[in-house]
Amino acid sequence: MKVLVTGGAGFIGSHLVDALVARGDAVTVLDDLSTGRRENLATAGGDVRLDVGSVADLDAVTRAVEGCEVVFHLAAVASVQRTVEAPIDTSAVNLGGSLHVLEAARAAGARRVVFAGSAAAYGDNPALPLRESETPRPLSPYAIEKLASEQYMRVWSQLYGLETVTLRFFNVFGPRQDPSSPYSGVISIFVDRLQAGRPATIYGDGGQTRDFVYVADVVRANLLAASVPEASGRTFNVARGEETSVRELYDTLRRLIGGGPEPILAEPRAGDIRHSRADIAAARQVLGFEPAHTVEEGLARLLASTAARRA
Ligand code: NAD
Ligand code: UD1
């Protein structure tokens, strides 16, 4: 099958490309390489074409989607901080890009679009575990852009019969996640510091929890979302459905590494959400999604991969 992966040179997208190539798909990647890297596509080998271009450019999307049956739309400015600083620019990518993908996919006669939504749509909604039917409470331009894109996805399936599926990813972790910004995923930062024998910072008391999901499970959810007929027009949480505290993460990593310094304790982050946990019943029932990696297994794999890269 011929498929397009927007954002395919990024952290999650490149793992999806690896899986698609491994099963024999012909993959086009549309990526502007703003945070993605060519090197992330090096392991895929096989049939991958990289179009360097932006989803904000309708012509680029139209060219990339030609002949594709399925589009995985992951391209986005994934930094919430960036969307706060430059909401007009990021909306052109995160919302405008989604509309371009839908229109280009429809014009090209593609069958299905799978969209990378976000748990950010729930904001600080305290109704745990979070179900897809909960009222969204976006707290940032990023969350609004993801949520509005989701609505476009749903409406395009109703108006035009283009099949669309939104996956609300929770806190994804794994190899190739960039640890270089203070707003990078907590696991990527902890691993980066602890493997270098340096302490990392815990904001607050470390009792805050997140629903961490290993990237291979997110890839699996994407593959299912592309193929299960009943998924069309719907939104699904992608998570483990479990909470892990930040302190627990730190201690597990130290144990897996075989030691390491105590964390630096700092003031809680402004606006930090205390607890987050998904209800994944819908993904289980409709997609047949079952997360295969515990957080600890995912951490062990991540450590092995980063240790190999350092060596
Ligand atoms: P990432 O930054 O590694 O991936 C985003 C990719 O999109 C990069 O390769 C980047 O170069 C590309 N991109 C950015 N702007 C573009 C543009 N205008 N045109 C074409 N390509 C562009 O981040 P990621 O964590 O792999 O995120 C992938 C998707 O998943 C994003 O849509 C993100 O919002 C979403 N998501 C991620 C998480 C998470 O925990 N990592 C959680 C929820 C949702
Ligand atoms: C995630 C998004 C964020 C978005 C939010 C919406 C990522 C990387 N971030 O934030 O952009 O606004 O969902 O729900 O996906 N922490 C530390 N030390 C660190 C880094 C983080 O203690 O060095 C703590 C944070 O304070 C937080 C937890 O770890 O309590 C997780 O942080 P992070 O990985 O940034 O994810 P979210 O806060 O869930």
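Leaving aside neighbours within four places in sequence, K146 is in contact with A76, F115, A116, G117 and S118, where contact means heavy atoms within 4.5 Å. This is a predicted model, in which local features need pLDDT of at least 70 and side-chain atom pairs count only at pLDDT 80 or more, while totals for chains, interfaces and linings use all residues. Residues are numbered from 1 along each chain as its sequence is written, chains are lettered from A and ligands numbered from 1 in the order in which they are written, and side-chain values use heavy atoms, with hydrogens and water left out.

K146 belongs to helix 6 (residues 141-160); helices are DSSP runs of H or I with at least four residues, numbered from the N terminus. K146 is buried yet has no salt bridge, the nearest side chain of opposite charge being E145, 7.9 Å away. Buried means under 20% relative accessible area, computed with a 1.4 Å probe on protein chains only. A salt bridge is a side-chain nitrogen of Lys or Arg within 4 Å of a carboxyl oxygen of Asp or Glu. Lys and Arg count as positive and Asp and Glu as negative, whereas His and the chain ends are not counted.

T90 lies in helix 4 (residues 87-94) and is buried, with a relative accessible area of 2%.

Helix 8 (residues 215-227) has 13 residues and spans 19 Å from its first C-alpha to its last, close to the expected 18 Å; the expected span is 1.5 Å times one less than the number of residues. Helix 8 is mostly covered, with ten of its 13 residues buried, including D217, N222 and L224.

Ligand 2 is surrounded by 18 residues, of which V80, V186, T201, R210 and D272 are the closest. A residue is counted here if one of its heavy atoms lies within 4 Å of the ligand. The table lists polar contacts, which are pairs of N or O atoms within 3.5 Å.

| Ligand atom | Residue and atom | Distance |
|---|---|---|
| Ligand 1, oxygen | F11, polar backbone atom | 2.8 Å |
| Ligand 1, nitrogen | D32, backbone N or O atom | 3.2 Å |
| Ligand 1, oxygen | Y142, polar side-chain atom | 2.6 Å |
| Ligand 2, nitrogen | T201, polar backbone atom | 2.7 Å |
| Ligand 2, oxygen | R210, side-chain N or O atom | 2.6 Å |
| Ligand 2, oxygen | R269, polar side-chain atom | 3.4 Å |

Note on methods: Helix = DSSP H or I, 4+ residues; strand = E, 2+ residues; numbered from the N terminus. Buried < 20%, exposed > 50% of the residue type's maximum accessible area, 1.4 Å probe, protein only. Polar contact = N/O pair within 3.5 Å; in protein donor to acceptor, adjacent residues only side chain to side chain.
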